[in-house]
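Hi,

Here is the structure I promised to hand over. Have a look, and then read on for what turned up in it.

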Amino acid sequence: MSTVAAISTPPAAGGIAVIRISGEKALDIAEKLFKPFGKGRVADMAGHTCAYGRIISGGEVIDDVLLTVFRAPRSYTGEDTAEISCHGGLYVSRRILREVISLGAEPAAAGEFTKRAFLNGKLSLTQAEAVADIISAEGKSALASANLMREGELYREIRSVSDALVQLLGALAAWTDYPDEDLPETDPETILKTLRESETALENILRGYDSGLVFREGIDCAIVGRPNVGKSTLMNALLGYERSIVNAAEGTTRDVVEETLKLGDVILKISDTAGLREASDEVEKIGVKLANRALERAQLVFMVLDGSEELTDSDREILEKIRSKRSIVIINKSDLPQKLDKKYIDADIILEVSAKERLGIEKIRDEVYKMFGLSGYADCPTLFVNERQKLCCDRALENIRAAITALQSGETLDAVTVCIDGAAAPLLELSGEKVSEAVVNDVFSRFCVGK
Ligand code: GDP
């Protein structure tokens with residue numbers, strides 16, 4: 001395989017920058033550029049050691065650097081690797097990279113180092129994906145590292161299902177070749193048991209997709225309610241600072257204000273709305289239109305009512321509109337004498353809060369966590385499954401169910417075998433054991449250069 005190089009630190013000025021070179025020629029190239037202050041040669045350096053020296057090209061000193069040597073297979077990529085830590089700053093690091101490339105290294109593609117690590121068996125595919133998640137996590141580091149830890153678990157879970165299926169396939173193949181041998185693994189009861197267990201395991205894994213998605217992407221949330229019930233105040237209470245205009249005159253929040261806020265560990269993408277009432281003037285109409293659109297898109301609706309007033313027709317109208325939506329009815333202004341009669345509200349979740357006094361706001365978070373199955377995610381290991389992994393699980397599950405149906409309707413074991421085969425393949429693809437080059441390339445294309 002070729003020798004590749006890239007700047008592995010972010011493209012910005014900083015204290016140091018690292019140029020990573022990996023492949024057969026990595027140490028030769030380092031030898032040509034690097035002149036240690038002490039004695040010795042790069043070729044003689046042991047793995048996991050560093051040397052202080054200079055990068056010199058054409059007699060010109062480019063920088064004082066630290067060179068770290070890793071020897072195959074004990075490196076991130078599994079190949080010989082040299083890492084040059086130079087002074088930060090784009091000019092110096094790019095200049096050194098240019099020199100490295102002129103000596104025969106190729107510029108590394110996005111994710112190239114991690115891809116090599118995968119190809120050399122240093123990482124499983126799911127582990128590599130966890131690395132990508134960590135790089136892109138920004139500020140969600142706690143989540144990302146949790147994800148990395150759980151990754152091993154995902155791999156193990158998938159492996160245990162695929163191992164069971166592959167074993168079953170082996171038994172079925174043996175039975176096809178020697179139909180007279182009464183192989184215990186191939187009696188329909190045993191096959192069914194294995195299939196059922198695999199089905200349950202995959203269903204559980206897929207459950208982690210929804211919560212994983214929620215943590216990664218956030219929840220699109222709309223706050224609706226007629227004017228003056230306290231939507232803006234509620235949003236501000238959730239945000240913790242003044243954002244949209246709060247005014248006692250009706251209909252002051254005219255546009256949909258998009259705002260993201262953190263509710264515990266979850267990002268809510270909130271659209272504050274102009275209210276869902278009939279629009280009177282033009283500007284208000286635009287606001288209402290936007291609000292309706294926000295409502296359509298929303299995965300979660302906060303429907304705000306004013307507890308100090310009786311339920312109005314507009315309230316009922318809006319309640320009707322959100323019926324099909326995942327929603328929380330929030331009766332606001334609990335600090336005032338209450339006039340609203342809850343028994344006329346047909347909703348699963350009704351909370352009483354005072355947005356102005358910030359009372360009861362935490363109940364909202366608890367309910368959202370419950371609704372999206374996030375409660376206790378920190379203590380019980382939820383597996384965060386990404387899109388690719390989900391699709392593999394979906395395909396496997398579909399085939400397992402087909403196998404169960406085939407078995408129960410008395411079809412031949414050959415037909416059952418085809419289905420089981422169809423279930424095992426996507427799982428082997430998921431764990432990276434039997435994965436096409438296209439999939440590998442796709443996974444690594446999500447990385448940045450230098451990783
Ligand atoms: P919106 O039109 O639904 O966005 O309502 P606003 O947030 O602009 O609030 C309308 C009025 O109700 C403002 O004068 C707020 O101060 C007041 N308000 C909002 N929430 C509460 C609350 O919990 N208690 C009381 N007493 N007043 C509130």
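A definition before anything else: buried means under 20% relative accessible area, exposed means over 50%, and partly exposed is whatever falls in between (1.4 Å probe, protein chains only).

Some housekeeping. This is a predicted model, so local features need pLDDT of at least 70 and side-chain atom pairs count only at pLDDT 80 or more, while totals for chains, interfaces and linings use all residues. Residues are numbered from 1 along each chain as its sequence is written, and side-chain values use heavy atoms, with hydrogens and water left out.

Salt bridges

Back to Arg-54: Asp-64 forms a salt bridge with it, and the closest N and O atoms are 3.1 Å apart. The term stands for a side-chain nitrogen of Lys or Arg within 4 Å of a carboxyl oxygen of Asp or Glu. This pair links distant parts of the chain, 10 residues apart, with Asp-64 in strand β5 (residues 60–70) and Arg-54 in strand β4 (residues 49–57). Strands here are DSSP E runs of at least two residues, helices are H or I runs of at least four, and both are numbered from the N terminus. Asp-64 counts as partly exposed too, because its relative accessible area is 24%.

The search of the whole structure gives 24 salt bridges. Two others sit within single helices. In helix α3 (residues 112–119), Glu-112 and Arg-116 are four residues apart, about one turn of the helix, and their closest N and O atoms are 2.9 Å apart. Glu-112 is buried because its relative accessible area is 15%, and Arg-116 is buried with 1%.

In helix α9 (residues 313–321), Asp-313 and Arg-316 are three residues apart, again about one turn, with 3.3 Å between the closest N and O atoms. Asp-313 counts as exposed at 58% relative accessibility, whereas Arg-316 is partly exposed at 41%.

There is also a salt-bridge network, which links Arg-196, Glu-199, Glu-203 and Arg-401.

Nonpolar cores

How many residues does the largest nonpolar core have? It has 33, and Ile-158, Leu-165, Ile-191, Leu-195, Leu-202, Val-416 and Ile-420 have the most contacts inside it. (Such a core is a set of buried Ala, Val, Leu, Ile, Met, Phe, Trp, Tyr and Cys residues joined through side-chain atoms within 4.5 Å.) Helices α5 (141–177), α6 (188–217), α11 (387–408) and α12 (413–431) each supply at least two of its residues, and α11 gives the most, with nine. Apart from this core lies another, of 32 residues, including Phe-215, Val-304, Ile-361 and Tyr-369.

Setting aside residues up to four places away in sequence, Leu-202 touches Ile-158, Val-161, Cys-393, Ala-396, Leu-397, Ile-400 and Leu-427, where contact means heavy atoms within 4.5 Å.

Thr-81

One more residue to look at. Thr-81 is found in strand β6 (residues 81–87) and counts as buried because its relative accessibility is 3%. Gly-23 is 58 residues away from Thr-81 in sequence, yet their C-alpha atoms are 6.4 Å apart. Beyond four places in sequence, the residues that Thr-81 touches include Arg-20, Ile-21, Ser-22, Thr-68 and Phe-70. The Thr-81 side chain also makes a polar contact with the side chain of Thr-77, at 3.4 Å. That term covers a pair of N or O atoms within 3.5 Å; within protein, one must be able to donate a hydrogen and the other to accept it, and residues adjacent in sequence count only if both atoms are side-chain atoms.

Cheers
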